[in-house]
Amino acid sequence: MRVNCNHPLNNLTKSMSDFVRRHIGPSEAEQTQMLNDLGLSSMDELIRQIVPDSILLRGDYKLPDGCSEQEALTELKEIAQQNIVKRSLIGQGYYGTITPPVILRNVFENPEWYTSYTPYQAEISQGRLEALFNFQTLITELTGLSIANASLLDEGTAAAEAMILAHSGSKKNVFLVDDKIFPQTLSVLETRAKPLGIEITLIDIEGSISLEKIDTAFGVLVQLPDNTGKIKQTEALLRIADVYKCMKIAIVDPMCQVLMKPVGEMGFDIAVGSMQRFGVPMGYGGPHAAFFAINEKYKRKIPGRIVGQSVDNQGNKALRLALQTREQHIRRDKATSNICTAQALLANIAGFYAAYHGSEGLKKIATRILKYRQVLIKAFKFTGTAVDDSEGFDTIRIKTNKKVDEFNMRYENGFVVFSIDELTSLDEIQRILDATCERQIDVRKVFESTETYKWFTIPERNKPWLTQEVFNSYHSETNMMRYIYELGSKDFSLVNGMIPLGSCTMKLNAASELMPVSWPEFANMHPFAPKEQTLGYDILINELKGWLCEITGFADVSLQPNAGSQGEYAGLLAIQEYHKSRGDDKRNVCLIPESAHGTNGASAVMAGMKVVTIKCDDNGNIDTNDLEKQAIMNTFELAAVMVTYPSTHGVFESTIKDICRIIHDNGGQVYLDGANLNAQVGLAKPCNYGADVCHMNLHKTFCIPHGGGGPGVGPIGVAEHLVPFMNQRVSAAEQGSASILPISWMYIRMMGGDGLQKASEVSLLSANWLANKIDPYFKVLYKAESGRVAHECIFDCRNLPVTAEDIAKRLMDYGFHAPTLSWPVSNTMMAEPTESESLNELQRFVDAMEMIGREIFTIPDIVKNAPHTESEVCGQWTHGYTREEACFPNRPKHKFWPAVSRINNAYGDRNLVCACS
Ligand SMILES: Cc1ncc(COP(=O)(O)O)c(C=O)c1O
């Protein structure tokens with residue numbers, strides 16, 4: 001990979017850019033003071049105590065110098081303008097849509113919404129939990145199925161998750177797939193089916209299906225409308241599938257589903273699809289929220305997160321993540337799926353879009369699309385152009401060899417295929433007709449003479465829907481704006497204070513980094529636009545890849561995985577293919593330390609591997625003796641080890657090179673979980689110390705905001721020998737969540753090589769400073785031999801009269817989001833301050849922890865009853881401590897009130913409610 005260090009602006013910016021000062025919280029003077037507090041005289045001394053000498057980088061690191069926000073924006077604009085944005089009517093899952101400005105400005109571009117984390121701390125996340133609950137309600141209403149999750153990564157992976165769910169527990173291994181499915185979805189299905197031994201058989205859904213074939217199948221998948229635009233008849237198929245206990249899955253276009261009878265009512269067991277055309281820009285393929293809805297009886301098998309209703313300890317309704325025991329972070333390799341980060345922000349946008357339009361508004365949009373299609377079909381017939389008039393929704397196929405310059409369309413075997421959308425107007429239709437027909441025709445006349453179209457054979461939606469209050473109260477901009485802010489004010493995001501979630505790297509997401517995402521050059525690009533129109537994206541992608549290669553030492557990078565979990569999966573597939581290419585096809589054992597993130601085990605199982613767990617020693621480090629023993633015992637079957645570095649325990653283990661050597665000696669490959677890359681950019685390169693492949697979460701280290709649970713980008717870097725195997729189709733779009741890549745580009749460009757190294761150093765300094773200050777009240781569980789931690793540290797809350805959860809909730813009363821709770825060690829808290837938090841904010845956190853440390857022994861009830869809400873304070877006060885002690889312990893400048901008091905999780909799981917009634 002080529003690294004471009006000759007940026008034209010480099011000459012202007014020789015020293016560290018001003019942006020570095022704005023990104024990094026502690027000033028130079030504060031950094032010196034923090035070093036002094038640790039008894040150190042220089043940053044270098046600290047780094048040498050933390051990063052093992054054997055892996056510490058020495059000068060081998062070439063990135064452009066940093067620059068100011070303005071310079072980077074100017075440079076990126078020049079790149080963006082190399083994209084040619086044409087109206088794309090290519091369809092196939094990606095359509096023109098209007099993001100209502102009230103949603104664009106107040107959700108998409110609002111840090112209250114985009115900087116929050118996955119709602120693990122539900123009491124301070126009620127806003128986005130409600131928005132996701134609305135999304136789930138929308139999906140159940142659209143599909144007619146009773147349970148929906150809070151989004152998946154894209155339509156392709158959602159279809160694959162449906163396939164895997166249908167397969168689980170079945171003895172059959174054939175999956176019948178609509179032969180007119182979108183090609184990218186088929187590619188993802190094929191990738192996911194292969195390691196699990198699932199055989200995909202393509203069938204003509206309306207043709208005669210042999211009973212023999214269906215008897216061998218565990219599931220059947222139908223696309224509605226299909227790749228040709230046709231909405232097929234499925235009654236016969238559904239009846240046969242029922243007889244043969246074959247699970248029925250529909251991929252359905254949600255805008256078409258507005259008019260069509262819900263697929264759940266037709267008899268499908270699962271519905272999946274993409275909510276992109278509900279107000280989310282195409283963005284060259286992503287990010288968009290996929291949906292997954294299912295029959296009640298399979299609710300415990302559903303992949304991804306579900307928001308459910310429960311009650312708080314005041315008896316109020318409250319929302320929180322439901323049924324978490326089926327998720328990867330608890331069930332690990334036994335989980336239903338490896339999904340962790342999903343597409344929360346985009347799901348929320350789609351939910352708001354539906355709330356803004358309501359059922360009538362949505363019907364209007366969908367009906368207009370359907371009528372325009374009818375108008376086009378009629379006009380084509382008038383003009384003698386051969387047109388496919390099968391029943392459909394938005395897609396037209398005409399037989400012509402004309403090419404339409406103004407629009408991007410599909411050209412397939414003598415047919416021109418295009419899909420109309422929310423943006424389509426009569427003027428546009430006129431221009432399409434002018435360009436494709438031999439004879440002139442006035443579209444307005446055709447329009448006026450066309451009745452609102454009614455399908456003949458396709459069952460229509462015929463019951464009232466979206467009757468819930470939320471879909472009927474916010475149709476004016478004033479009301480919608482207020483609703484968005486009402487919800488936003490219930491959520492703790494980076495707008496309110498630090499979010500020291502360990503392993504999550506909640507650093508600054510600078511406004512300048514985010515701005516280009518809304519630029520039309522990036523937002524309005526179709527993923528299948530002709531190559532000559534996407535030059536800007538190509539430049540952006542290549543530069544970013546080059547920089548990531550330079551940072552990690554790898555030979556190449558694939559940006560396709562749209563979350564860390566997908567990077568893990570893609571990396572393991574690359575390893576598998578590599579082994580196979582050498583005739584080593586028995587290698588399927590994956591060693592995973594017991595400290596690993598849940599996604600590691602779940603991804604290995606998805607890749608068809610057998611997981612062998614490796615012990616950790618009393619210091620939390622990988623037990624290298626156990627590792628060596630297992631590597632030798634499995635020497636002929638060893639495929640890989642998955643190791644997180646620095647470890648999930650927040651330590652740079654000094655044995656990392658030995659770990660890599662042991663694995664390589666036994667024929668395995670080293671998969672490095674790079675979620676913790678923020679500790680090592682500019683200080684160590686994973687490829688140099690022995691990793692063969694590594695995923696890096698751009699939504700952690702490289703500033704993509706977490707969006708309340710996604711989007712994310714989880715690219716993999718691979719060593720030279722794995723390059724031929726890295727591009728497996730794991731996401732629907734070739735470049736994954738391309739439209740958010742400008743964020744990471746801006747970050748690296750503005751920070752420059754030195755700035756990035758500085759960021760790593762300060763992240764290490766801040767974590768060590770915090771560890772040192774809090775250790776007297778809550779012992780730091782694991783440290784390296786030098787006594788130092790890496791970029792995060794674990795505070796031990798065991799053997800106390802209260803639990804770590806109590807402390808996490810009490811931190812809310814102090815105006816903080818808790819650190820990561822009970823992971824990787826139960827009843828502990830793992831804090832990662834990042835480099836972006838100021839010394840003031842760190843000190844505020846230390847003070848809070850110190851005060852809580854005392855309260856635990858003086859007034860333990862205040863901790864156990866936390867958090868305390870505004871309504872509780874205004875009601876009858878029965879506690880043995882004062883209202884002031886409860887709610888204003890640290891006299892905050894601005895009090896952040898938890899919206900509800902402590903939530904009863906078990907109650908919600910026993911009485912699952914995951915959609916508005
Ligand atoms: C160590 C580690 N590995 C993997 C992941 C999974 O990443 P993602 O949530 O993007 O799927 C995480 C996410 O928190 C993590 O902390």
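**Entry 1: the model.** I am working from a predicted model. I kept that in mind for every distance below.

**Entry 2: the largest pocket.** I started with the open space. The largest pocket holds about 1,000 Å³. I counted 50 residues in its lining. Nearest its centre lie Y120, Q324, H329, L821 and W823. I sorted the lining by class: 24 residues are polar, 18 are nonpolar and eight are charged.

**Entry 3: the second largest pocket.** I moved on to the next one. The second largest pocket has a volume of about 540 Å³. Its lining has 38 residues, and F108, E109, Y114, L514 and P705 lie nearest the centre. Two or more lining residues come from each of α1 (18–23), α6 (111–114), α15 (344–382) and α19 (511–514). By class I noted 25 nonpolar, nine polar and four charged residues in the lining of this second largest pocket.

**Entry 4: the ligand.** Which residues are closest to the ligand? I found T341, S503, G564, D673 and H699, out of 15 that surround it. From S503, a polar side-chain atom lies 2.5 Å from an oxygen atom of the ligand. From T341, a polar side-chain atom is 2.6 Å from a ligand oxygen atom. G564 uses its backbone: a polar atom there is 2.7 Å from an oxygen atom of the ligand.

**Entry 5: β9 and β10.** Strand β10 covers residues 317–322, and five of its six residues are buried. Its partner is β9 (residues 306–312); the two run antiparallel, with six bridges. One pair I checked is Q309 with its bridge partner L319 in β10. The two strands form a hairpin with four residues between them. In that turn, G315 has a positive phi of about 85°.

Entry 6: Is strand β25 covered on one face or both? I found both faces covered in β25 (residues 828–831). T828 and M830 are buried on one side, M829 and A831 on the other. In a regular strand, side chains alternate between the two faces of the sheet. Strand β23 (residues 793–796) joins β25 through four bridges, antiparallel. There, C793 has A831 as its bridge partner. β24 also pairs with β25 in the antiparallel sense, over two bridges. L821 has M829 as its bridge partner in β25. L821 is also one of the residues nearest the centre of the largest pocket. The hairpin of β24 and β25 has six residues between the strands, and S822 takes a positive phi near 55°.

**Entry 7: E855.** E855 sits in helix α28 (residues 839–858). Is E855 buried or exposed? Its relative accessible area is 8%, so E855 is buried, the cut-off being under 20%. I then looked for a partner to its side chain. The side chains of E855 and R810 are joined by a polar contact of 2.8 Å.

Technical notes. Residues numbered from 1 in each chain as written. Predicted model: local features only at pLDDT ≥ 70, side-chain atom pairs only at ≥ 80, totals over all residues. Heavy atoms only, no water. Buried < 20%, exposed > 50% of the residue type's maximum accessible area, 1.4 Å probe, protein only. Pairing = 2+ DSSP bridges. 1 Å grid on protein atoms, 1.4 Å probe; cavity = no way out; pocket = protein on both sides within 12 Å on 5 of 7 lines; lining within 4 Å. Points joined across faces, edges and corners; volume = space filled by probe spheres on them. Nonpolar A, V, L, I, M, F, W, Y, C, P; charged D, E, K, R; others polar. Near = heavy atom within 4 Å. Polar contact = N/O pair within 3.5 Å; in protein donor to acceptor, adjacent residues only side chain to side chain.
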